[in-house]
Amino acid sequence: AHPKIRPLEAFPVQAEGKEMVAIKDPVGVCPEAVFVPPEAFFLISLMDGTHTLRDLQAAYMRKYGDLLYSDKIEGLIAQLDSYFLIENRRFEDHLLHLREAFKGAKIRGAVFAGRGYEADPAALKAQLEGYFTAQDGPGPPNERVEKKDLKGIVAPHIDFTRGGSCYAHAYKALGESPHSNFYCILGTCHTPMENPFAFTLKAFETPLGRVEVAQDLVEECASKLPFDPFTDEFSHRSEHTIELQVVFLQYLLEGRDFQILPILCNSFHEMIHGGTSPLQDPLYEASVSALKEQLSALPSCCLVASADLAHVGPQFGDQEAVTPVVLAEVKAKDLEMLGHVAHLEGEDFYRFILREGDRRNICGLPPIYALVHL
């Protein structure tokens with residue numbers, strides 16, 4: 001009677017020559033994007049749990065001047081419900097089932113194989129090789145080059161088709177450094193979390209095989225933290241930021257033994273809104289100190305921040321279109337901002353974004369910040 005849509009992401013797209021709105025579920029209960037016309041999205045935007053079907057009809061009439069029969073609205077609600085996008089008992093039961101299934105699983109399977117990258121192992125290797133050898137790629141890692149010690153890299157987590165060569169530049173540096181036994185992957189979490197970091201003990205499986213989590217290390221780190229880092233473990237189920245780095249590591253380190261410490265990082269949204277630094281939060285400060293102590297005791301460990309930078313344009317709520325002038329301004333600010341990262345100036349990096357009010361939506365802020373302080 002009062003349909004309530006779940007917290008979702010929505011952005012305008014062109015589909016088959018028509019203006020549509022893509023709706024994505026950040027939790028991944030609905031794995032695919034759902035495309036609806038703007039008129040339907042107008043109704044969806046009003047489904048906040050307070051409006052009846054009659055209210056929706058009246059709002060539609062006021063905006064479009066047409067009478068929309070209730071069976072049409074009911075059909076839209078039924079369609080959304082079939083994708084588990086309506087907040088109701090059916091969704092809650094399904095979510096509970098997914099949580100229990102993930103909790104009991106030993107392996108975190110490849111969620112984006114066949115969607116974000118090639119599912120066939122040979123095709124995937126060819127795809128990744130192409131990012132190194134492409135015109136804007138860095139070329140393959142030089143095995144004969146003098147190995148330079150590398151503490152960490154910042155790599156994108158955007159889809160490979162748009163950012164593949166950028167990944168390759170980061171991983172070429174990693175490939176030309178001494179081999180490490182452990183890779184701590186710090187990923188942006190795109191869903192709400194309760195604590196600063198989320199751990200998992202599940203091995204990560206991709207078309208290139210399985211990568212084991214350093215279980216003893218994870219459990220030792222977990223025992224030193226002032227909270228339970230497995231509380232938000234379900235966030236790992238559908239989050240792409242760790243998976244995409246694992247794929248590149250497997251390709252680059254083929255035939256070598258290594259383990260990972262996968263960590264999802266919570267948003268700093270509330271801290272930015274309040275104008276405070278993460279290190280002013282005793283929970284975060286204690287967590288970073290404990291993790292740093294554990295990682296520093298390892299014979300070798302490389303940090304990987306899975307981090308995108310600015311997200312601008314109408315898709316992200318900006319009124320201004322993305323023009324060459326806007327892109328040039330964003331690039332200049334990104335480079336200035338990353339200068340602080342290159343010099344390990346974590347607080348200056350954070351304050352740069354804080355001064356902007358995170359207006360450019362720096363998606364990789366939490367993992368980059370954690371990398372610098374670790």
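1. A definition to begin with: two strands count as paired if DSSP finds at least two bridges between them. With that in hand, and remembering that this is a predicted model, strands S1 and S2 (residues 18-24) run antiparallel and are joined by seven bridges. Within this pair, phenylalanine 11 stands opposite alanine 22 in S2.

2. Helix H1 (residues 38-45) packs on the sheet, where it touches S1, S2 and S3. The direction of H1 makes about 35° with that of S2.

3. A word on the sheet itself: it is open, with three strands in the order S1-S2-S3 and antiparallel pairing. From one strand to the next, the twist averages 35°.

4. Now have a look at strand S5 (residues 152-155), whose side chains alternate. S5 pairs with S11 in the parallel sense over four bridges, and alanine 155 stands opposite serine 306 in S11.

5. Which residues of H10 are buried? They are Tyr284, Ser287, Val288, Ala290, Leu291, Gln294 and Leu295. Seen down the axis of H10, these fall within an arc of 165°, so they line one face of the helix. On the other side, Pro282, Glu293 and Ser296 are exposed.

6. The buried residues of H10 pack against several elements, including strand S11 (302-306) and helix H13 (365-373). At the start of H10, a side-chain oxygen of aspartate 281 comes within 3.1 Å of the backbone nitrogen of leucine 283.

Terms used. Residues numbered from 1 in each chain as written. Predicted model: local features only at pLDDT ≥ 70, side-chain atom pairs only at ≥ 80, totals over all residues. Heavy atoms only, no water. Buried < 20%, exposed > 50% of the residue type's maximum accessible area, 1.4 Å probe, protein only. Helix = DSSP H or I, 4+ residues; strand = E, 2+ residues; numbered from the N terminus. Arc of directions from axis to C-beta. Contact = heavy atoms within 4.5 Å. Polar contact = N/O pair within 3.5 Å; in protein donor to acceptor, adjacent residues only side chain to side chain. Axes fitted to C-alpha atoms, helices over the stretch in contact; angles between N-to-C directions.
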